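Please read them with the coordinates open.

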Amino acid sequence: MYASCIHRLSGIGLAMFLPAHFLVLGLALSNEAALDGALRWTDQPLVKLAEAGLVFLLTVHAVGGIRLLVLENLPWRDGQKTFAALAVGCSALVTFTFLLRVF
Amino acid sequence: MTNMLSVKIWRGGSEGAFTAYSVPSQDSQTVLDVVTWVQRNADPALTYRFACRVGMCGSCAMTVNGVPRWTCRTHVSKVAKDGALTIAPLTNLPVIKDLACDMEAFFDKWQRADGRFVPSKSRHDAIPAIRPDGSKRVAADEAIECINCAVCYAACDTVTWNVDYLGPAALNRAWTLVNDERDAGQKSRLEAVTADGGCLSCHSHQTCHELCPNQLNPTRSIAGLKRTAASAWWKGDVR
């Protein structure tokens with residue numbers, strides 16, 4: 001139940017971020033100077049921290065999705081709570097690695 | 001001096017309210033004992049359903065402190081919070097009166113899921129040999145001990161969201177028959193369980209597995225149905 005909540009909430013978070021992501025990418029075609037400004041803005045520490053949040057959302061959503069695909073398409077394995085905890089643990093590890101690289 | 005339990009029990013139909021009772025606490029007391037004490041000593045009009053009292057018949061399930069449970073084998077000491085119990089009818093089913101639900105929708109869905117054996121032989125044929133260690137027999141064995149208590153049905157989020165969803169118990173039953181090598185109703189059963197509200201609606205939250213009093217795993221059965229249905233679809237057996 002908690003795993004599905006995390007999966008849904010991370011999906012909603014990513015869906016909210018995606019339009020902003022595409023808008024900024026779109027600047028590459030229409031306004032090069034504005035894109036450079038946006039990229040400089042993302043160098044701020046607080047924005048990097050927010051990016052770490054996005055990395056967590058993306059990883060936990062992807063690993064959670066793989067967990068569901070395995071659950072529904074391969075023979076059943078007991079210990080589903082452990083797999084869900086592993087998915088969150090992997091995502092935290094990836095996020096921590098990201099933070100180490102940007103700071 | 002006897003310790004007293006503070007018990008709130010749902011009274012009325014779908015419109016109703018909790019009534020508070022004070023019930024003597026006893027060793028090894030079950031939630032069903034508490035409800036029975038209230039009916040015999042405090043309020044004879046209290047309506048509830050039970051039969052065997054030993055976890056065989058599946059008729060005494062209720063919502064205890066917010067969680068669906070079989071009350072005859074749920075010890076008060078395991079679920080009471082500071083000596084307090086709140087007992088309500090099962091969710092996801094219409095309330096007839098007090099703690100008794102109308103189970104019709106639950107059992108109708110067993111029929112909708114083709115949850116009945118379709119014989120492939122007559123009495124004149126030899127009895128087919130089924131190996132106890134065969135993979136299909138083992139898969140059926142894992143799911144066969146359902147007592148129809150509807151705890152999983154009450155616990156299922158998908159049933160709450162979608163009244164047409166067949167629910168964990170009916171699909172679990174269908175899975176036992178999918179693995180019955182003597183059964184001749186496989187095609188229509190697969191069509192039944194893959195129709196709207198069938199196994200493909202399951203979100204795999206696994207609450208049914210967590211709360212099943214017999215430790216069955218309907219999510220595993222439903223995942224098996226999904227795999228079987230996908231395989232049949234690829235082969236063109238069902239559409």
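1. A polar contact is used here for a pair of N or O atoms within 3.5 Å; within protein, one must be able to donate a hydrogen and the other to accept it, and residues adjacent in sequence count only if both atoms are side-chain atoms. By that criterion the side chains of B:Lys226 and A:Glu72 are joined by a polar contact of 2.6 Å.

2. On conventions: the model is predicted, so local features need pLDDT of at least 70 and side-chain atom pairs count only at pLDDT 80 or more, while totals for chains, interfaces and linings use all residues. Residues are numbered from 1 along each chain as its sequence is written, chains are lettered from A and ligands numbered from 1 in the order in which they are written, and side-chain values use heavy atoms, with hydrogens and water left out.

3. The interface. Between chain A and chain B, 14 residues of chain A are in contact (heavy atoms within 4.5 Å) with 14 residues of chain B. The size of an interface is often given as the accessible area lost when the parts come together. Here the area buried between chain A and chain B is about 1100 Å²; buried area is the accessible area (1.4 Å probe) that two parts lose on being put together, summed over both. Carbon and sulfur atoms give 50% of it. On the chain A side, A:Met1, A:Glu72 and A:Trp76 lose the most area to chain B, together 52% of what that side buries.

4. Polar terms at the interface. Six residue pairs are in polar contact between the two chains, counting pairs with both residues at pLDDT 80 or more. In chain A, helix 1 (2–30), helix 3 (45–73) and helix 4 (80–102) each supply at least two residues of the side that touches chain B; helices (H or I, at least four residues) and strands (E, at least two) are DSSP runs, numbered from the N terminus. Helix 3 of chain A gives the largest share of that side, five residues. By type, the side of chain A that touches chain B divides into six nonpolar, three polar and five charged residues. In this division Ala, Val, Leu, Ile, Met, Phe, Trp, Tyr, Cys and Pro count as nonpolar, Asp, Glu, Lys and Arg as charged, and the others, Gly among them, as polar.

5. The salt bridge. The count between chain A and chain B is one salt bridge, defined as a side-chain nitrogen of Lys or Arg within 4 Å of a carboxyl oxygen of Asp or Glu. B:Lys226 forms it with A:Glu72, and the closest N and O atoms are 2.6 Å apart. B:Lys226 is found in helix 10 (residues 218–235) of chain B. Is B:Lys226 buried or exposed? With a relative accessible area of 8%, B:Lys226 is buried; buried means under 20% relative accessible area, exposed over 50%, partly exposed in between (1.4 Å probe, protein chains only). Leaving aside neighbours within four places in sequence, B:Lys226 is in contact with A:Glu72, B:Cys199, B:Leu200, B:Cys202 and B:Ser204.

6. Chain B overall. Its secondary structure comes to ten helices and seven strands. The C-alpha trace spans about 70 × 35 × 30 Å along its principal axes. Of the 239 residues in chain B, 48% are buried.

7. Strand 3 of chain B. Strand 3 (residues 61–64) pairs in the antiparallel sense with strand 4 (residues 67–70) over four bridges and with strand 5 (residues 84–88) over two; two strands pair if DSSP finds at least two bridges between them. B:Thr63 has B:Pro68 as its bridge partner in strand 4 and stands opposite B:Ala88 in strand 5. In a regular strand the side chains alternate between the two faces of the sheet. Both faces of strand 3 are covered, with B:Ala61 and B:Thr63 buried on one side and B:Met62 and B:Val64 buried on the other. The hairpin of strands 3 and 4 has two residues between the strands, and B:Asn65 takes a positive phi near 45° there.

8. B:Thr74. This residue is in the loop between strand 4 and helix 2 of chain B and is buried, with a relative accessible area of 6%. A polar atom of the B:Thr74 side chain lies 2.4 Å from the backbone oxygen of B:Trp70.
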